[in-house]
Amino acid sequence: MTRLLVLSPAFHDYDAAIGAAFEAIGLDVVTHVYDRSATFGAKLRTKLLHELPEHLGRSTTAARARVADAGAIAALRAVRPDLVLVIKGDVLGDAVWDEIDALGAPSVLWLYDELRRTRWDAARLDRPGRIASYSALDVVTLRDGGHDAAHVPLGFDNLLAPPAPRRADEVTFIGALYPQREALLRALDAAGIPVRAYGRDWSHRLVDRARTWGRARPAIPTGRDLPRAAAYAVMAGSAATLNVHGDQDGFTMRTFEASGAGGVQLCDRADVADLYAPGEEIVVFDGVEDLCAQASVLLVDPARAARIRRAGRARTLAEHTLVHRARALHDLWETS
């Protein structure tokens, strides 16, 4: 059986979800998280040695890279994979790619963020065997630069069994606090539409204020961080759930998770029509007033909301799961 090593950052346990998707298509998978703090002591050291200096404006990239490189190289030597998938990987240095080359294992780099928001530069992008990106615009740029690149969007983890939906007649948001997101939630709240935001940046709990260095948060209903399964349950049970991209041109995991979990997704991008049918499988809004109007309709028309839930979930399971993406990525090794 073909052995795949997935080198991934620690981000909501997506490493496990992606590994499970590849197992579902018949690969023997080992995952290694190159930046995880596994113990309380390690997490505390990360806070004090990396996050606090960065909060104060000092870069700790070099120190993070040394730790990530050592762990990734050890994993490569222990596993001796036939194939390597590197997710994001911008903190991994040349020594890691040298080790991959020495093993003779074909590699694919999968990017879930725009290149401009990573530490990748043109010279280092020659190291991976092939590149996949969630950003169609970056794929064009990469190809123009002579790189072997393919567009592979993100997807929904249909292999994760969430708890029963958390029924609530409110519009939810799950994710980090950014100004545009805060403005939209404040507007919904001001319009009398019930809202709730989940995440450490929003939570008013003292422990979450400490974890985020005391940053200010809006006076709206909030909840704490949610594991992915619980997040799926919240999205499925909400009257609607908000998906805000801002200046991203790729579609986030939330795009596929909200609809895949059976939620009514309020999305801020009309070009989502390439993935879902607006008005039938997803709800697209254009600005604050339109968002408030669309949310108000969903709250008073549960039959329409139910139709959108069913159709959005059906489209996701048919076309947009992580298993679909695993097959697309596997094709890149097959054709390399």
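Visitor: Why does Ser107 count as buried?

Guide: The model is a predicted one. In it, Ser107 has a relative accessibility of 8%, and a residue is called buried under 20%. The value of 8% lies under that cut-off, so Ser107 counts as buried.

Visitor: Where is Ser107 placed, and which residues does Ser107 touch?

Guide: Ser107 belongs to strand S4, which spans residues 107-111. Leaving aside residues up to four places away in sequence, Ser107 touches Val84, Trp97, Ile100, Pro128, Gly129, Arg130 and Trp333.

Visitor: What makes the pair formed by the side chain of Ser107 and the backbone nitrogen of Gly129 a polar contact?

Guide: A polar atom of the Ser107 side chain lies 2.9 Å from the backbone nitrogen of Gly129.

Visitor: Why is strand S7 described as largely enclosed by the rest of the structure?

Guide: Strand S7 covers residues 168-174, and five of its seven residues are buried, which is why this description applies.

Visitor: How do you know that S7 pairs with S10 and with S8?

Guide: Pairing requires at least two bridges. S7 has three bridges to S10 (residues 238-243) and four to S8 (residues 195-198), so both pairs meet the requirement. Each pairing is parallel. Ala168 has Ser238 as its bridge partner in S10, while Phe173 stands opposite Ala197 in S8. From S7 the chain passes through helix H6 (residues 179-190) to S8, in a right-handed β-α-β crossover.

Notes
Residues are numbered from 1 along each chain as its sequence is written. This is a predicted model: local features need pLDDT of at least 70, side-chain atom pairs count only at pLDDT 80 or more; totals for chains, interfaces and linings use all residues. Side-chain values use heavy atoms; hydrogens and water are left out. Helices (H or I, at least four residues) and strands (E, at least two) are DSSP runs, numbered from the N terminus. Buried means under 20% relative accessible area, exposed over 50%, partly exposed in between (1.4 Å probe, protein chains only). A polar contact is a pair of N or O atoms within 3.5 Å; within protein, one must be able to donate a hydrogen and the other to accept it, and residues adjacent in sequence count only if both atoms are side-chain atoms. Contact means heavy atoms within 4.5 Å. A crossover is right-handed if, with the strands pointing away from the viewer, the path from the first strand over the helix to the second runs clockwise.
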